[in-house]
Amino acid sequence: MVATGLMYGFYLLSVWLHILAAITWIGGIAFLVFVVVPWLRRSDRTIAVTFLRETGERFRAVGWICFAILLVTGTYNLWFRGVRFGDFVRADWLQSTFGKAVMLKLALFVVVLIVSAIHDIAIGPRAAHAMEHQPGSAQAEALRRQASLLGRFNALLALALVAAGVVIVRGWPW
């Protein structure tokens, strides 16, 4: 009984950490999209570029730490709920409503990781560099637009991930 209670306590801690990491990541995206970027559009371009680059670099570390926490806690949460690696190759589990919800969330998470890596490693730093060293150039504008689109796409994916998480816990609405 104590071991079961202790395991359930670890599960609750894991769910709490999972939600906290998701809130931190999604809140950071929302802050950048709805507060920082609109404010920077009305600011001195030189200050705005430096501020966005430095903010992005700091948030990048926070975001990837959140991804690691989400991966570890998400894996534990599924394990606690009885999902095992073998389930991912069982047709009956994959066809179940729960299995479909889990697969949707995992697929979305993989896409988020890919989009984040492209944004954080390739496009974002190149855009910031071009905007600092070649302000107003066609290349700087194209890279800024690409980084912005990737960031917005990731924000939409984040909302879809939250929806998939709700479906995992509460079931599909149909």
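Student: At what angle do helix α4 and helix α5 pack, and how far apart are their axes?

Tutor: In this predicted model, helix α4 (residues 97-133) and helix α5 (residues 138-170) pack at about 160°, with their axes 8 Å apart. Axes are lines fitted to C-alpha atoms over the stretch in contact, and angles run from 0 to 180 degrees between N-to-C directions. Local features need pLDDT of at least 70, and side-chain atom pairs count only at pLDDT 80 or more. Side-chain values use heavy atoms, without hydrogens and water.

Student: Why are α4 and α5 called roughly antiparallel?

Tutor: Angles under 35 degrees count as roughly parallel, over 145 as roughly antiparallel, 65 to 115 as roughly perpendicular and the rest as oblique. The α4 and α5 angle is about 160°, so the two are roughly antiparallel.

Student: What makes S14 buried?

Tutor: Its relative accessibility is 6%. Buried means under 20% relative accessible area, exposed over 50%, partly exposed in between (1.4 Å probe, protein chains only). So S14 counts as buried. S14 is found in helix α1 (residues 2-41).

Student: How do you know that the pair of W172 and W174 is tilted?

Tutor: Rings of Phe, Tyr and Trp (its six-membered ring) pair if their centres lie within 6.5 Å; planes under 30 degrees apart count as stacked, over 60 as edge-to-face and the rest as tilted. The centres of W172 and W174 are 5.4 Å apart and the planes are at 40°, so the pair is tilted.

Terms used:
Residues numbered from 1 in each chain as written. Helix = DSSP H or I, 4+ residues; strand = E, 2+ residues; numbered from the N terminus.
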